[in-house]
Amino acid sequence: MYYKSNLHKKILTKNKILYLIKKYKTPIWIYNADIIIKQIKKLKKFDIVRFAQKSCSNIHILKLMKKYNIKVDAVSLGEIKRALIAGFKPKNNNIVFTSDILEDEVLEKVIKYNIPVNAGSIDMLKKIGKTSPKHPVWIRINPKFGDGHHIKTNTGGENSKHGIWNPKQALSIIKKYHLNLIGLHIHIGSGVNEKNLYKVCNAMKKYSIQLNEKIQFISAGGGLNIPYKPEDKEINIDNYFEKWNETKKIISSILNCPIELEIEPGRFLVGQSGILVAQVYSVKKMGKNTFVILNAGFNDLMRPILYSSYHKISVLHINKKNKKNSPTIKCIIAGPLCESGDIFTFKKKGLIFYRNIPKVYPGDYIIIHDTGAYGASMSSNYNSRPLIPEILYKKNKFKLIRRRQKIKEMLNLETSI
């Protein structure tokens, strides 16, 4: 099987994938806009949905978000510029800048466009306060606990660099420089356990009441799970919304001001929309182990080596004979990089995880599923390998939304000085 969901099954047929392979070669990213739209609609009860663009920052994906009235979060000057190019207007809180530092070029841009700053440090507030009094700001609160699918995605507690530990201190700086506090934000991690929902909501109530300032927004942050494994369950969005909406109403009543509830998903919107297609170049025995080596590596998809993340893997045979007489093999899926860790099949503790797949031969294709989030956006030029194409299925058409980078372009940064 070379698809996962019914929407992928209808669109990413074998013939269509082979057509894209022939036209663009491999490796390639393919996204399905229908799945992104379906995920957007699941969050329609929230007052504001803000896309964490770091998960998939292609300008064409941002344009799709804008079309469906999704706002955007930016964490760098580059992401601010991407949002502006995609058509997001810096008004009505459409773009929010979130970070723990405020570089000079970013400061200049957020002041020019009056972009609200979601401050993750006291130093940020001081810097913007000295330069732009009355600027709209949020306080990103570290609630002193965190969660996530991996220690590296945990964004709360004393072992996390993110957020402000003492919101009262932040408020004193805001008042000193006459900044305009518009919202409170708590994000404890990516891939959070739903059981922590009550804890996060209670933390938001606690700090909102403690600060006792009239605000316009509260943000539930992001971190909504998607089912990567067959046994994984879909998150209960209705329950998630109801608990946060109840929290919003309580805070609004106590502070005696209207408040909008914001959620900031990344992977939830785009993760299931994407696949990575790579070609098998070698099948080799190394003692007891069989390695299937692809022409895509962790320079393309970093999640497995970084987080020991699981991705469903399926096979697309190019030869019918291979498919017919294809016993299952126990193997390790690896990339071409000069790095022993260039493997796509890890267990949680970083140990090799064997996969059972139909036997493959050089020339066949491997499809790695659910790579729409933190795939292309985290890719690099490691081993001097060019960035690969991104293709979007939208309105019954496949559109190239990022062409393959040329080696000359990559080297031009060094040779054109």
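A: Strands (E, at least two residues) and helices (H or I, at least four) are DSSP runs, numbered from the N terminus. This is a predicted model, where local features need pLDDT of at least 70, side-chain atom pairs count only at pLDDT 80 or more, and totals for chains, interfaces and linings use all residues. Residues are numbered from 1 along each chain as its sequence is written, and side-chain values use heavy atoms, leaving out hydrogens and water.

Q: OK, which residues cover the two faces of strand 6?
A: Pro136, Trp138 and Arg140 sit on one side, Val137 and Ile139 on the other, and all are buried.

Q: How many bridges does strand 6 make with strand 7?
A: There are 5, and the two run parallel, with strand 7 covering residues 180-185. Strands count as paired if DSSP finds at least two bridges between them. Trp138 has Gly183 in strand 7 as its bridge partner.

Q: What about strand 5?
A: Strand 5 (residues 117-119) pairs with strand 6 in the parallel sense too, over 3 bridges. Ala119 is bridged to Ile139 of strand 6.

Q: New topic: is Ile254 buried, exposed or partly exposed?
A: Partly exposed, with a relative accessible area of 45%. Ile254 lies in helix 10 (residues 237-255).

Technical notes:
Buried < 20%, exposed > 50% of the residue type's maximum accessible area, 1.4 Å probe, protein only.
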